[in-house]
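Let's take a friendly walk through a protein model.

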Amino acid sequence: MADAALRWMIAGEWRQHPGRIAVAALAIAVGVALGFAVHLVNGSALASFGQAIRTVNGAADLQITATSALGMDEALYGRVALAAGVADASPVVMLKAKSPSGEAIPVLGLDVIRAANVTPTTIGVSASGPGTGATDPFASDALFLSRAALAAARVRVGDSLAITANGHTQTMVVRGTLPAVADGQRLGAIDIAASQSLFGRLGRIDRIDLKLADGAQPGAARLALARLLPPDAILSDGDDQTAQSDALSRAYRVNLDMLALVALLTGSFLVYATQSLSVARRLQAFALLRTLGMQKRALIALVATEGALAGLAGSVLGLLLGYGLAAGAMALLGGDLGGGYFGDAPPPLIFAPGAALAFFALGMAAAIGGSVLPALDGARAAPAVALKNAGDALDPRARPGLMVPLVLAGLGIGAALMPAAARLPLFGYLAIALLLAAGIAAMPGVARLLLAPLARRPSGAFAFDLAVQHLRGTPGAAASALSGIVASTALMIAMAIMVTSFRGAVDEWLGDILSGDLYLRSDPGSGGFDPAAQGALARVKGVERIMFSRTVPLVLAADQPPMQLIARPVMPAMEAMTLIGSAVRPPRGAIPVWLSEPAARILGRSAGQSVRLPLGHGEHFAVAGVWRDYARQQGAIAIESSDYERMSGDLARDAAMVVLAPGASADSVSRALIAASPPALQGQVQTAQPAVLRRFALTLFDRSFAITYLLEAVAIIVGLAGVAATTSAQALARTREFGMLRHIGVSRGQVLAMLGSEGALLGLVGSMAGVLLGIAISQVLIHVVNPQSFNWTMSTRFPLGLMASVIAALTVAASATAMLAGRRALSVDAVRAVRADW
Amino acid sequence: MKRAHAIMALALMAATSAAPPVVYPVVSPGRTFAFPADHGAHPEYRTEWWYVTGIVAGVDGKRLGFQVTFFRSRLPVDPNNASAFAAKQVLFAHVALSDPATGHILHDERAARAGFGLAGAKVGDADITIRDWRLVRLADGQFTTRIAAKGFTLDLAFTPSQPPLLEGQGGYSRKGPKPSEASYYYSLPQMRVSGTIMRGKAGGSVSGKAWLDREWSSSYLNPVAAGWDWTGLNFDDGSALMAFRIRRRDGSTLWAGGSFRRAGGAVVVLAPGDVSLVPMRRWTSPRTGATYPIAQTLTIRLPEGVRRFALTPFMADQELDARRSGLPIYWEGAVTTPGGSGYLELTGYAAPMKM
């Protein structure tokens with residue numbers, strides 16, 4: 001009997017209010033979809049990025065890698081190969097090669113005999129057959145290409161191909177393929193001696209791949225090897241490389257995942273709001289069932305089942321939506337969702353069953369959780385009282401307690417002060433969740449507080465005063481209506497403030513650093529401008545001053561992405577650098593370096609402290625200053641050109657900032673600079689003017705926040721949907737009240753005006769409270785989440801226009817939806833409405 | 001004698017392009033050999049090897065065959081390439097153990113380009129290394145080798161008991177119809193072996209006899225040759241016999257030769273017509289499908305008359321499939337003959353050799 005009653009009640013409720021359930025399910029769907037999509041896209045991008053890394057690395061047991069593109073002394077190879085625990089060692093030269101049409105193809109210079117033992121996937125197989133000639137992997141012009149590389153270079157086995165790397169162009173013959181390289185991965189292999197002699201790398205190698213002896217302990221081998229390594233070499237294994245590629249985009253990815261979870265949380269509030277209304281409306285029915293012998297537990301199960309059904313629909317829809325969204329986002333924004341961490345080609349989308357299950361469970365949990373709380377309330381009501389009274393479960397005369405919100409807010413502030421966990425701002429997110437919960441818990445009290453002055457001093461406008469009194473009299477209903485608005489407004493405003501602050505900071509910073517008239521850059525891997533070329537560029541007519549720089553990726557830890565070492569003239573002018581804090585004179589004998597803000601945070605060093613860098617031969621380095629940088633999230637280190645040259649012997653430069661002579665035209669000087677570049681760099685030198693760079697940087701910024709804008713839009717929609725759902729639910733629940741009002745002579749228009757006022761008041765109170773809460777949360781985002789995940793700081797900027805328009809829009813929308821709902825409720829005949837009594 | 005591994009070396013150097021041509025010295029008659037200098041490498045020649053085969057017995061009296069070989073190859077890479085990695089000289093090593101109790105051969109191989117202290121073949125005296133594998137001639141004239149291979153370890157000393165035996169015409173050994181198809185070739189037969197052979201924790205000291213073949217050349221097989229049969233036998237009376245035939249694809253003999261050194265030291269050089277090898281028993285490898293004449297009757301014509309030697313293998317399966325490291329499939333096995341023992345090498349049976 002109870003089962004039948006349950007089914008009947010659920011079916012009846014849904015038949016009567018399909019829209020409300022649909023909105024709740026949709027809110028869950030949106031949260032699940034966003035979370036799942038972000039996860040899918042990132043998972044696919046990481047998998048493809050990881051595969052690219054594994055392709056080039058050939059899956060050696062252990063690797064010794066040069067800390068920078070300058071490589072390491074090849075003599076290390078002989079010492080390492082004979083170290084204890086090492087079964088074999090394969091030296092590698094890595095070239096960032098380009099085909100004549102500009103397609104990038106990583107090319108490895110290998111000793112094929114060693115690679116056959118250590119990294120068999122990188123071994124070329126000669127095509128045999130007429131026209132291919134005999135086979136010789138040692139020939140200095142022999143090139144082996146993977147299938148993807150053959151396709152990219154548009155050549156076939158037997159063809160000649162001119163490849164350019166490190167500033168040298170050499171014609172090679174495609175002698176065969178690399179059959180063990182995974183599909184879609186570009187890779188080339190040539191003889192290591194050819195890579196050194198033809199591409200300007202004599203005496204240097206970039207990597208030593210190691211095969212450990214059977215039974216050798218990797219830990220012991222690592223220890224033994226570490227003693228052999230010079231400062232410019234570092235040990236790593238597959239785990240380190242995975243960690244490195246993971247670390248590259250981890251913070252960005254986790255942030256997006258967190259935002260998705262926040263959307264899910266909002267959905268959960270929506271479920272809570274609709275379910276508490278639905279419970280409140282059915283209190284009498286429940287009470288009747290209770291008197292008929294139904295257990296409390298069964299009642300809770302009923303409401304929870306309703307929530308679960310909504311959750312089921314929402315989660316399934318969310319997973320489908322999420323997959324579609326991921327496919328779309330991947331095609332539109334690329335595998336990093338516009339973050340700029342991975343290559344250009346969109347990777348194939350990989351379905352993740354585990355993640356699908358997890359997000360499905362989260363969706364279900366949000367829906368059931370949002371239902372169980374109101375169900376507990378409903379079950380607690382004494383059946384006899386509830387049977388007579390369909391009013392608010394909260395006593396309007398009781399002062400809402402402020403204990404719970406205060407404790408939650410206190411905990412939130414405490415969490416915000418915690419350091420990052422596992423390099424992620426996990427406590428920051430906890431703080432946001434706690435603040436959000438505190439804000440919502442405080443809503444009944446805040447609503448009373450805000451409405452109290454209005455209630456004490458009636459305005460004389462009948463409909464408005466009635467609305468104020470109604471809201472004061474039903475704090476429970478008001479609170480549940482408000483929670484959705486507050487949650488979504490707060491999150492949206494918080495994100496908007498964060499993005500505005502960030503964009504403003506980047507814009508200002510760009511103005512500071514783009515102090516030249518013209519910028520010149522050679523492609524990475526092209527070898528750059530040698531001193532002769534630098535001289536030629538400096539002599540170009542119209543160039544008043546030219547400042548060259550060299551950027552070299554520098555690996556400081558095997559499991560961390562490389563930082564950028566920037567060799568440039570720093571002192572005394574510190575052009576195009578904005579220091580945070582003051583400059584410090586380094587101690588005598590120490591070489592000064594200037595850390596970017598992310599570098600300083602990652603290394604945990606501040607101005608005046610010494611720092612260890614994998615450079616030179618045991619020199620001491622000291623931090624002379626920390627500069628603002630929003631461009632290189634993984635950190636950058638500036639060093640004087642002269643110090644860099646002395647330690648590395650590298651005289652080449654890859655970029656320059658040009659100050660034009662008065663009257664010189666940027667366009668003509670730009671052409672002259674390209675013409676004056678060495679022939680080997682033809683087609684690999686670009687110039688740009690500051691305005692273009694600035695536009696480019698801001699476009700990149702907007703692209704990387706595109707997903708955030710999307711989430712903001714979703715938050716607004718969820719907020720409005722919440723307003724619509726709650727107000728319409730309340731209006732329908734109050735059919736009898738409206739009938740009564742009509743009986744005592746209140747006009748239809750006055751009732752509508754009352755409803756409109758109620759909606760407007762709810763919208764205003766909710767959005768204002770949401771904005772205030774959003775400001776608090778934005779401070780957590782700006783001062784906790786951002787520094788902890790991206791290692792940069794900024795000052796707060798308020799998007800005042802947006803904040804005002806959100807408040808206005810929500811007020812108007814709430815008022816409009818309340819009136820729309822009221823029209824439907826009022827269409828019921830007044831007499832029948834009053835009679836609808838038990 | 002020419003050996004299977006040379007094929008890899010030759011295949012590797014088969015073609016090269018843009019670099020200036022590498023000029024290899026041509027082998028011609030009339031060379032004067034000098035020792036110990038000629039035990040060392042002759043890096044200007046295209047191919048060279050140090051090839052030790054031997055039969056030993058442990059304290060339990062059970063016999064084992066072993067093979068330790070180092071090859072040196074000069075590749076035709078640009079001699080002006082300044083890279084220390086330039087593959088101007090490449091070294092190969094192959095080691096094998098034949099134990100009738102195991103039923104099949106155990107073997108391991110290595111290769112490396114010379115340099116970085118990891119691999120090299122010294123000039124002036126024998127000293128060839130690839131990582132920790134080494135064959136070296138000590139000041140007292142004794143050769144030693146220590147090889148830790150996959151599954152077994154050889155730690156052996158070889159003491160020459162006779163002067164070097166110059167093969168062919170005073171060390172000039174023809175391989176084909178053209179005079180340039182030849183090598184410089186000497187052997188050290190009847191070397192006394194002592195040392196240890198371990199297989200895991202089992203094994204112990206061994207003693208027996210070995211044969212060292214030394215050969216270097218720049219030009220090898222005639223293009224019509226498919227492979228060869230070769231044998232080197234130490235007799236109990238102190239005499240030694242080396243014989244080979246180079247086969248065409250149809251199995252007929254393209255060239256043959258050898259030498260017989262009597263117990264007293266007198267050497268009889270065998271001309272192509274003085275040597276014949278006739279298969280007596282064939283064995284088909286279940287792994288590769290190749291069929292080898294693993295038992296043969298060797299007939300040589302000496303001034304005093306014709307002598308026949310029945311060559312009986314220790315076991316049928318002494319096939320080496322070294323394709324993994326780019327080497328060919330061949331059969332290299334310990335054999336016995338009445339009054340002596342040695343090694344028989346059979347190449348070109350799985351597929352014709354291309355050189």
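## One residue and its contacts

Setting aside neighbours within four places in sequence, B:L91 is in contact with B:F70, B:F71, B:R72, B:A111, B:A112, B:A114, B:A119, B:A121, B:I128 and B:I130. Here, contact means that the C-beta atoms of two residues, placed from the backbone, lie within 7 Å.

This is a predicted model, in which local features need pLDDT of at least 70, side-chain atom pairs count only at pLDDT 80 or more, and totals for chains, interfaces and linings use all residues. Residues are numbered from 1 along each chain as its sequence is written, while chains are lettered from A and ligands numbered from 1 in the order in which they are written.

## The nonpolar core

Which residues touch the most other members of the largest nonpolar core? They are A:V593, A:I637, B:L91 and B:L212, in a core of 187 residues. (A nonpolar core is a set of buried Ala, Val, Leu, Ile, Met, Phe, Trp, Tyr and Cys residues joined through C-beta atoms within 7 Å; buried means that 20 or more other C-beta atoms lie within 10 Å of a residue's own, all placed from the backbone.) Strand β12 (residues 182–199) of chain B gives this core its largest share, eight residues.

## The two chains

Chain B has one helix and 23 strands, whereas chain A has 26 helices and 22 strands. (Helices, H or I of at least four residues, and strands, E of at least two, are DSSP runs numbered from the N terminus.) Of the 355 residues in chain B, 52% are buried; for the 838 residues in chain A, the share is 51%.

How values were computed
A residue is buried if 20 or more other C-beta atoms lie within 10 Å of its own, exposed if 12 or fewer, and partly exposed in between; C-beta atoms are placed from the backbone.
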